[in-house]
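Please look through the model shown here with its strands, helices and aromatic side chains in mind.

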Amino acid sequence: MLTWLQRDELSFPPLETAMREPNGLLAAGGDLSPERLLAAYRHGCFPWYQEGQPLLWWSPNPRTVLYPEELHVSRSLAKKLRQGVFNVTFDRAFQDVIQGCAAPRDYADGTWITTPMQNAYVILHQLGVAHSVEVWQDGQLVGGLYGLAMGRLFFGESMFSRATDASKVGFVTLVERLRGWDFKLIDCQMPTQHLASFGARTIPRRIFAEALAKYLDEPGPARWEP
């Protein structure tokens, strides 16, 4: 039976109670307050819902992750990185990035990054928890991604691209930066062929929960460079 969250209660049900079909559906309801969002990520779940649906919380099993030391960069992408076609920055235009991620896609109807969702993550950015990666070309924002950094873990949320390979360059730059900061794991949530091409793989939810317990409270970088 699906658990419905109360607005005055921040706890989530145990991860092992998540549904098998649809994979990982753990709870519904609640709100997008900063306190609840932080509690969700610490617990091992994340919000995802379409407009018109109730707020849904997910913890899929298995979980898709990327270990920074396992990053794979194709020859063509490595060449583009060397050419310096794009300029990559961090935390310079968070709101523009999340709006880019929320824009309509050719392959999907609607967006899960609703206005309330955007506002919630902007607040997390103001709190220093959510971060953006911006990819620029000739002074124009052509790609980017955003997610949460907690301890030595990064929770990726979404990316967008308006130029060929822009989001890929941003992602590789981020992973290399996280590796330099000794981050242990990047949460990619659900498997895609795109993520697999970078070396992402699935692990049992139990192993993911163990990583949360081990690395969430380790100190992260003092600051993200703009």
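**Aromatic pairs, sheets and helices**

Trp58 is buried, with a relative accessible area of 12%, where buried means under 20% relative accessible area, exposed over 50% and partly exposed in between, for a 1.4 Å probe and protein chains only. The model is a predicted one, in which local features need pLDDT of at least 70 and side-chain atom pairs count only at pLDDT 80 or more, while totals for chains, interfaces and linings use all residues. Residues are numbered from 1 along each chain as its sequence is written, and side-chain values use heavy atoms, with hydrogens and water left out.

A pair of aromatic rings is described by the distance of the centres and the angle of the planes. Rings of Phe, Tyr and Trp (for Trp, its six-membered ring) pair if their centres lie within 6.5 Å, and planes under 30 degrees apart count as stacked, over 60 as edge-to-face and the rest as tilted. By this rule the count comes to 10 aromatic pairs. In one of them, the ring centres of Phe12 and Trp57 are 5.2 Å apart and the planes stand at 70 degrees, so this pair is edge-to-face. Phe12 belongs to the loop between E1 and E2 and Trp57 to strand E4 (residues 56-58), so that the pair links distant parts of the chain, 45 residues apart; strands (E, at least two residues) and helices (H or I, at least four) are DSSP runs, numbered from the N terminus. Phe12 is buried, with a relative accessible area of 10%, and Trp57 is buried as well, at 0%.

Trp58 has an aromatic partner in Trp48, and their pair is edge-to-face, with 5.8 Å from centre to centre and 75 degrees between the planes. Because Trp48 lies in the loop between E3 and E4 and Trp58 in strand E4, the pair ties together parts that are 10 residues apart in sequence. Trp48 is partly exposed, with a relative accessible area of 30%. Elsewhere, Phe90, Phe154, Trp181, Phe183 and Trp224 form one aromatic cluster.

Strand E4 also has its place in an open sheet of 4 strands, which has the order E1-E2-E4-E3 and mixed pairing; two strands pair if DSSP finds at least two bridges between them. Strand E1 (3-5) and strand E3 (46-47) stand at the edges with a single partner strand each, so one side of each is left without a neighbour in the sheet. E1 pairs with strand E2 (residues 25-29) in the parallel sense over 3 bridges, and Trp4 has Ala28 in E2 as its bridge partner.

A further open sheet is formed by 7 strands in the order E6-E7-E8-E9-E10-E5-E11, again with mixed pairing. Its edge strands are E6 (87-90) and E11 (201-203), each of which pairs on one side only. E6 and strand E7 (residues 130-137) run antiparallel and are joined by 4 bridges, and Thr89 has Glu134 in E7 as its bridge partner.

Helix H1 (residues 34-43) lies across strand E8 (140-150) and strand E9 (153-161), at about 75 degrees to E8, where axes are lines fitted to C-alpha atoms, for helices over the stretch in contact, and angles run from 0 to 180 degrees between N-to-C directions. H1 also packs against helix H4 (residues 115-126) at an angle of about 80 degrees, with the axes 10 Å apart. In this contact (heavy atoms within 4.5 Å), Pro34, Leu37, Leu38 and Tyr41 in H1 meet Ala120, Tyr121, Ile123 and Leu124 in H4.
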